[in-house]
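Dear colleague,

Please find the structure below, passed on to you for your records. My notes on what was found in it follow directly after.

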Amino acid sequence: MDEARPLVELTDATVRFGATVALDGVDFRMFAGEVHSLMGENGAGKSTLIKAITGVLAPDAGTLTIAGDRVTFASPHDAQDAGVSTVYQEIDLLPNLSVAENVLLGREPRRLGLIAHRTMRERAAEILADLGLAIDPASPLGIHSLAIQQLVAIARAISTDVKVLVLDEPTSSLDLDEVAELFRVIRELKQRGVAILFVSHFLDQVYEICDRITVLRDGRLVGEYLTTELLRIDLVQKMLGREVSFFKARERIEAAPEEQEAFLSARGVSSAGIAGADVDIAEGEVLGIAGLLGSGRTALARALTGVDRPTSGIIRLEQRDTRFDSPRKALSLGVVYSSENRRTEGLVGEMSIVQNIALALQAQKGALRRIAPARARELALSWVEALDIRPADIDTPVRHLSGGNQQKVMLARLLAISPRLLVLDEPTRGIDVGAKVEIQNLVGEMADNGLSVVFISAELEEVLRVGDRVAILRDGRIVETAASADLDVDSLMALVARPDLPEA
Amino acid sequence: MTLLKHRLFWPAAALVTLLAVNMIANPSFARISLRDGQLYGALIDILRQSAPLMLVALGMTIVIATRGIDLSVGAIMAVSGAVALTIIDGAGDANSWGTVMLAIGIAVLVALVLGAWNGLLVSVLGIQPIIATLVLMLAGRGAALLITDGFITTVNSSPLSYIASGYLLILPFAFFVWLAAVVVVGLVERRTALGMLTEAVGINPEASRLAGVRSRGIIWTAYILSGVLAGIAGVIYAANIKAADANAAGYLIELYAILAVVLGGTSLMGGKFSIAGTVIGVLTVQALESTILFLGVPPAQSPVFFAVVVVIVVLVQSPRVHRWGRLLGSRFGSSGGDGKMPPVATPEKQKEVVR
Amino acid sequence: MTAVESRPDTTPGVVAKISTFTSRHASVLPTFAAVAILICLLVGAELYFGNFLTPRNMSALLLDNAYLMILAVGMTFVIVTAGIDLSVGSVMAFTGIFGASLLASGVPAWIVVPAMLVAGALIGLLIGVLVQHFDVQPFIASLAGLFLARGLAFVVSLASIRVEDTSLLWLQSTRIRLGDWYVTPTGIIAILTVVVGAVVMHKTRFGRTVYAVGGSEQSARLMGLKVARAKVMVYVISGLCGGLAGLVLTAYSGAGYPRNGIGTELDVIAAVVIGGTLLTGGRGYVLGSMIGVFVYGTIKTIISFMGAEQSWTHIIVGALLLLFIVVQRAIVARSERGS
């Protein structure tokens with residue numbers, strides 16, 4: 001290993017999208033024959049950094065060097081030619097074509113101008129055998145499991161002269177055996193001197209396979225560490241960071257939650273991404289959910305609110321068994337969900353503030369009983385005032401609003417139907433500090449008025465501040481539920497980060 | 001300036017220009033004469049002849065707003081015309097208003113069922129709208145031919161002639177039919193929340209679902225409406241030619257309707273729709289058709305002109321042409337200081353790019 | 001589908017061979033279904049009429065549907081990229097009348113035939129450029145092509161034009177006999193088109209790119225395939241096939257007629273889908289489309305044998321289309337859930 005000269009070196013890279021800076025003067029390097037991990041929460045700049053290295057986008061500033069040569073990639077194709085191959089999370093292959101074609105398409109062997117299918121199958125089989133993969137090269141890719149598709153994607157990547165292999169969340173849909181298989185391949189490639197960038201939100205896996213870790217937060221470099229020298233808890237702390245807060249501490253409910261009747265209680269709720277979750281939420285209680293990205297926090301929220309239908313488990317609402325087969329049903333019972341993806345799952349971007357606020361209420365009343373425009377405006381104005389939404393012109397299309405104001409519009413929409421339980425999925429993500437504190441305070445006020453709230457956030461301080469109790473999620477399971485008073489950030493962080501014991 | 005920015009400005013300007021060119025080229029185009037208390041003239045003809053297209057385009061507007069498309073409208077027209085005329089033909093008295101109204105009622109009911117069928121395929125089975133409505137587009141005409149036994153059923157019926165060319169007060173009856181449809185649909189969409197929820201489903205289906213909107217029902221309603229309106233259009237078309245011609249009825253009308261909707265400023269990507277825009281769009285198509293006739297071009301050749309219009313319209317809406325336009329605009333803006341480009345427009349457009 | 005083991009598996013046997021075959025060729029199953037339907041139709045008709053499976057009848061099946069088969073080849077290319085081409089019927093009418101009028105004005109056939117093909121290809125090129133370079137939906141772009149070609153057909157002539165040119169008529173009048181079986185040059189052209197189409201789709205990089213675009217345009221681009229070129233080319237090919245079909249139909253009917261091929265685009269799409277091509281793109285076979293055309297043609301022949309209304313053809317084909325679409329939808333839904 002040539003310690004002196006990195007194989008990949010990105011210096012002072014900056015990427016802007018309009019007004020937001022996705023990557024701010026970040027340095028990044030990788031050595032030949034190492035497995036390197038890139039860590040950070042949502043919006044830390046991980047995917048932007050990957051895109052900058054793999055030619056998907058060109059940085060606004062900064063230089064990229066590969067094996068000592070300064071390069072600029074105009075396209076992913078350029079990057080591939082320079083030896084940088086990428087395997088994306090949502091596998092970018094062609095399920096309708098054969099495995100062999102997926103490995104070799106674009107470089108397929110030809111005879112007299114026509115594709116020599118037999119030769120191609122043989123060549124593909126060799127490459128696959130290198131990876132220990134004995135599948136029929138002529139079979140269509142789509143019939144294979146995701147794990148195998150992932151390995152086929154890697155086969156394609158290494159069938160060229162690959163120097164750098166970027167694996168973006170390669171294990172998110174693999175089971176334990178499949179992960180082991182993938183790791184075997186990664187180690188083999190490492191032996192060959194390939195530099196591997198392994199991006200994953202599974203800490204266990206990062207610690208198992210990676211030599212070195214680079215941590216990003218809010219588009220900035222936090223630091224680069226040797227895995228062996230970085231404690232897990234320190235890593236989590238570096239990823240999540242800390243910040244000062246202007247949060248108004250609210251009076252906690254005096255009575256212990258156990259003494260209260262639970263408004264909603266869920267037992268053994270499972271769906272894709274969450275398994276066997278037990279949740280109790282009392283009236284007027286805020287339940288914080290803490291967990292890393294991919295720990296199942298969104299899956300839990302969606303399973304509790306009818307957005308995804310749970311595969312098993314029961315949900316009781318005020319002691320009555322309830323089946324949420326659609327968000328509509330849940331809404332009618334006062335259980336509402338605010339998605340973390342405001343743009344794609346929350347707002348109707350082209351519509352005005354009034355229409356967005358009135359949408360859920362209108363949907364509940366049905367298409368034929370229109371809320372009179374004057375009533376809708378009155379409603380919207382009262383919420384605009386109550387939540388201090390800006391601009392106050394309620395005819396503005398919501399896509400022109402800032403993130404914080406968009407979030408408030410979503411809240412107003414849900415609050416307008418007088419819900420009993422509000423499930424907020426990362427309501428403060430990507431919004432400025434002022435708006436963040438406003439929303440935190442608002443959640444407190446709503447709880448004081450008897451509304452139950454589930455509050456999901458990637459920021460542990462926030463979860464602790466807002467939540468009366470905190471449920472800690474790890475790898476799709478609730479590992480502990482504790483009162484916020486009994487936790488501090490450090491102990492919560494330890495719970496969030498602690499590895500599971502290896503399963504039998 | 002605000003007038004320029006109104007979403008209906010350009011569609012309306014296109015229509016007015018088209019009419020103006022006609023009037024200048026041929027002053028008789030604008031002539032409207034009053035005979036026996038009834039108005040006649042080229043402009044009145046446009047109002048009368050646009051009835052079938054107007055009805056079909058109205059339904060198409062709502063379907064397109066849900067991100068869908070209904071290719072089967074022409075076939076539904078053929079079926080409803082065939083049903084109505086076969087009933088009238090079979091009945092004893094073709095001149096009885098009762099018979100004709102009953103026949104029309106049944107024809108429209110059949111059209112409603114066909115629309116519901118489309119809606120079922122799209123909203124419940126989740127089949128792509130283009131493909132789902134293709135089935136009926138193909139089979140519908142066959143069914144219409146079966147109803148008429150493969151012949152062109154001709155009927156002489158005074159109530160039907162009235163629908164085709166009669167006058168109510170001083171204007172053609174057919175004009176009042178489409179006007180009534182426009183008013184009713186406009187009222188239903190805008191006086192209930194149907195229009196708003198339809199737009200929400202068209203703009204962001206997932207967000208609408210999470211907000212508790214019954215998108216399945218809304219999409220279904222759109223196809224039923226489209227079917228019913230196509231059914232009425234089919235009856236009017238049959239009345240116009242006094243015959244049920246399963247092959248010619250509504251031939252290519254789906255395409256003209258889509259063109260009219262797009263000309264009226266409703267995007268094919270779904271979402272915000274404008275009924276007034278569609279009215280303008282249909283009148284534009286109809287005026288263009290009249291213009292072509294006026295120029296002495298055989299009607300069969302008119303598709304060439306429409307092809308050109310379609311190409312221009314899609315090019316104007318194409319992102320690439322927008323980019324060229326912006327490039328051109330910024331070049332002029334920097335070198336010549338051309339005051340025509342409002343400075344406000346720039347940040348807005350940038351946002352679009354980011355999005 | 002069971003997940004295939006990633007470790008070496010050494011149990012070859014009959015069962016394994018069958019499972020290898022089915023796993024390799026899962027996407028051929030709809031085409032097999034079309035073959036099964038065709039066989040059922042033919043056998044059923046023979047049992048019912050007793051004189052259906054005659055060499056004469058079967059030879060006619062190819063000849064009567066030669067133009068449809070050529071159009072179906074082009075349409076298969078387009079649909080496999082997840083596009084659609086509504087212009088084919090009109091392009092066929094336009095090139096037909098265009099060729100007929102050129103011949104009538106004394107232009108020699110060796111100029112007329114290439115001119116017809118080029119005219120078709122040009123309309124295809126227009127559609128392809130609109131789709132690829134101006135982001136116009138294929139449906140709308142080919143609609144413009146439909147209007148254009150239909151209008152141009154009437155611009156050339158409002159009435160039909162008889163063809164007197166012997167070399168063009170030779171294409172239809174020559175009968176190469178083998179016992180009671182016969183085939184005309186138009187039939188040979190149709191078969192050749194199918195063969196060339198199948199080879200291009202299966203054995204060339206362009207053909208595989210067409211499939212790749214239909215599978216995932218984004219992935220195909222990331223793989224460095226020439227996506228833009230392929231997307232324009234499929235419409236050019238479809239237009240070219242439209243020109244060829246115009247030639248064959250003109251020879252077949254002995255005249256160019258501007259009203260030819262009204263609604264033919266729907267018949268072609270139906271035949272292609274029944275032949276096992278997925279309307280959502282990525283899967284399909286030129287040979288399957290040929291089977292689809294035969295299914296269509298057989299239904300038509302059976303109905304004329306029964307003396308029933310020809311309009312039943314469209315109803316039955318529509319029903320078959322619906323059946324295939326629903327089954328395809330179910331397959332797609334299952335594979336989505338599987339992944």
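Over all chains, a search of the whole structure finds 28 salt bridges, a salt bridge being a side-chain nitrogen of Lys or Arg within 4 Å of a carboxyl oxygen of Asp or Glu. This is a predicted model, in which local features need pLDDT of at least 70 and side-chain atom pairs count only at pLDDT 80 or more, whereas totals for chains, interfaces and linings use all residues. Residues are numbered from 1 along each chain as its sequence is written, chains are lettered from A and ligands numbered from 1 in the order in which they are written, and side-chain values use heavy atoms, with hydrogens and water left out.

One of the salt bridges joins A:Arg212 to A:Glu224, with the closest N and O atoms 3.2 Å apart. A:Arg212 lies in strand β11 (residues 212–217) of chain A and A:Glu224 in strand β12 (residues 220–226) of chain A, so the pair ties together parts that are twelve residues apart in sequence. Helices (H or I, at least four residues) and strands (E, at least two) are DSSP runs, numbered from the N terminus.

Chain A with chain C

Two salt bridges are counted between chain A and chain C. A:Glu108 forms a salt bridge with C:Arg205, and their closest N and O atoms are 2.2 Å apart. The contact, meaning heavy atoms within 4.5 Å, takes 35 residues from chain A and 31 residues from chain C. About 2,800 Å² is buried between these two chains, 59% of it on carbon and sulfur atoms; buried area is the accessible area (1.4 Å probe) that two parts lose on being put together, summed over both. On the chain A side, A:Leu94, A:Asn96 and A:Ile143 lose the most area to chain C, together 19% of what that side buries.

Chain C with chain B

Between chain C and chain B the count is zero salt bridges. Their buried area is about 3,700 Å², of which carbon and sulfur atoms give 83%. C:Phe134, C:Phe139 and C:Phe147 supply 19% of the area that chain C buries against chain B, more than any other three residues. This contact takes 38 residues from chain C and 44 residues from chain B.

A helix pair also spans these chains: helix α7 (residues 129–147) of chain B and helix α13 (residues 264–274) of chain C pack at an angle of about 120°, with their axes 10 Å apart. Axes are lines fitted to C-alpha atoms, for helices over the stretch in contact, and angles run from 0 to 180 degrees between N-to-C directions. That makes α7(B) oblique to α13(C), given that angles under 35 degrees count as roughly parallel, over 145 as roughly antiparallel, 65 to 115 as roughly perpendicular and the rest as oblique. The contact is made by B:Leu134, B:Met137 and B:Leu138 of α7(B) with C:Leu266, C:Asp267, C:Ile269 and C:Ala270 of α13(C). By class, these residues are six nonpolar, no polar and one charged (Ala, Val, Leu, Ile, Met, Phe, Trp, Tyr, Cys and Pro count as nonpolar, Asp, Glu, Lys and Arg as charged, and the others, Gly among them, as polar).

Helix packing within chain C

Helix α4 (residues 66–80) and helix α14 (residues 286–306) of chain C pack at about 140°, with axes 9 Å apart. α4(C) is accordingly oblique to α14(C). Their contact has ten nonpolar, two polar and no charged residues.

The axes of helix α8 (residues 166–173) and helix α12 (residues 227–253) of chain C come within 8 Å and cross at roughly 80°. These two helices are therefore roughly perpendicular to each other. C:Leu168, C:Leu169, C:Leu171 and C:Gln172 of α8(C) meet C:Leu247, C:Thr250, C:Ala251 and C:Tyr252 of α12(C).

With kind regards
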